[in-house]
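Trainee: I would like to learn how to read a model like this one. Please take me through it feature by feature.

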Amino acid sequence: MSDLLERLRGRGWRMTSQRRVVAEVLDGDHVHLTADEVHVRAARRLPEISRATVYNTLGELVSLGEVVEVSTDGRAKRYDPNAHHPHQHLVCAGCGTIRDVHPTGDLLADLPAEERFGFAVSEVEVTYRGLCPSCA
């Protein structure tokens with residue numbers, strides 16, 4: 001069973017066949033699918049699943065904090081199931097491929113006090129950009 005499915009079961013989330021398929025499609029490392037990509041993959045497994053059901057399920061997963069919406073450079077939102085595993089993103093400026101990365105060090109501590117402007121900083125989002133091997 002995937003990490004996402006385990007977390008959802010642990011929360012007592014009602015697991016319909018449609019919800020299960022969406023969660024299964026989101027399973028894996030470096031998964032950052034658009035809603036349309038989720039729908040296409042889910043429909044291969046469950047042909048009767050509607051686009052609206054996929055969008056609604058993704059919205060619920062985001063609201064629950066089990067999936068994170070990732071937006072990069074005005075491209076379509078992508079859905080990342082690794083919401084409970086701190087990481088940053090590496091984005092290809094050519095094709096839009098997104099990979100999870102885990103930089104070393106404490107990104108929050110690396111921001112000098114004079115650059116915080118009195119903010120009580122609680123989280124950091126860093127996006128690394130470049131060209132993947134296919135686009136370079």
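Trainee: Which residues of helix H3 are buried?

Mentor: Buried means under 20% relative accessible area, exposed over 50%, and partly exposed in between, with a 1.4 Å probe and protein chains only. Helices (H or I, at least four residues) and strands (E, at least two) are DSSP runs, numbered from the N terminus. In helix H3, residues 35-45, the buried ones are Ala 35, Val 38, His 39 and Ala 42. They are on the same side of H3 because they cover an arc of only 100° around the axis; the arc is that of the directions from the helix axis to the C-beta atoms.

Before going on, note that this is a predicted model: local features need pLDDT of at least 70, side-chain atom pairs count only at pLDDT 80 or more, and totals for chains, interfaces and linings use all residues. Residues are numbered from 1 along each chain as its sequence is written, and side-chain values use heavy atoms, with hydrogens and water left out.

Trainee: What covers the buried residues of H3?

Mentor: Cover is read from contacts, meaning heavy atoms within 4.5 Å. The cover includes helix H2 (17-25), strand S1 (33-34), helix H4 (51-64) and strand S3 (78-80).

Trainee: Leu 33 is in strand S1. Is Leu 33 buried or exposed?

Mentor: Leu 33 counts as buried because its relative accessibility is 7%. Leaving aside neighbours within four places in sequence, Leu 33 is in contact with Val 25, Val 38, Arg 41, Lys 77, Arg 78 and Tyr 79. One of these, Val 38, is also among the buried residues of H3. For a separation in space, take Leu 33 and Val 70: they are 37 residues apart in sequence, and their C-alpha atoms are 9.5 Å apart.

Trainee: How many helices and strands does the chain have?

Mentor: The protein chain has four helices and six strands. Along the sequence they follow the pattern α-α-β-α-α-β-β-β-β-β. Of its 136 residues, 33% count as buried. Among contacts between residues at least 6 apart in sequence, 48% join residues at least 24 apart. The C-alpha atoms fill a box of roughly 55 × 40 × 25 Å along the principal axes.

Trainee: How much space lies in the largest pocket?

Mentor: A pocket is found on a 1 Å grid over the protein atoms alone: a cavity is a set of points where a 1.4 Å probe fits but cannot get out, whereas a pocket is an open set with protein on both sides within 12 Å along at least five of seven lines. Lining residues have an atom within 4 Å of a point. Grid points are joined across faces, edges and corners, and a volume is the space filled by probe spheres set on the points. Here the largest pocket holds about 560 Å³. It is lined by 24 residues, of which His 87, Gln 88, His 89, Val 124 and Glu 125 are closest to its centre.

Trainee: Which strands supply at least two residues of that lining?

Mentor: Strands S2 (68-70), S4 (88-92) and S6 (127-130) each do. S2 gives the most, with three residues. For the classes, Ala, Val, Leu, Ile, Met, Phe, Trp, Tyr, Cys and Pro count as nonpolar, Asp, Glu, Lys and Arg as charged, and the others, Gly among them, as polar. The lining of the largest pocket has nine nonpolar, 10 polar and five charged residues.

Trainee: Which side chain makes a polar contact with that of His 89?

Mentor: A polar contact is a pair of N or O atoms within 3.5 Å; within protein, one must be able to donate a hydrogen and the other to accept it, and residues adjacent in sequence count only if both atoms are side-chain atoms. The side chain of His 89 has such a contact, of 3.4 Å, with that of His 32. His 89 lies in strand S4 and is buried, with a relative accessible area of 12%.

Trainee: And where is Arg 7?

Mentor: Arg 7 is in helix H1. At 14% relative accessibility, Arg 7 counts as buried. Its side chain is joined to that of Glu 66 by a polar contact of 2.5 Å.
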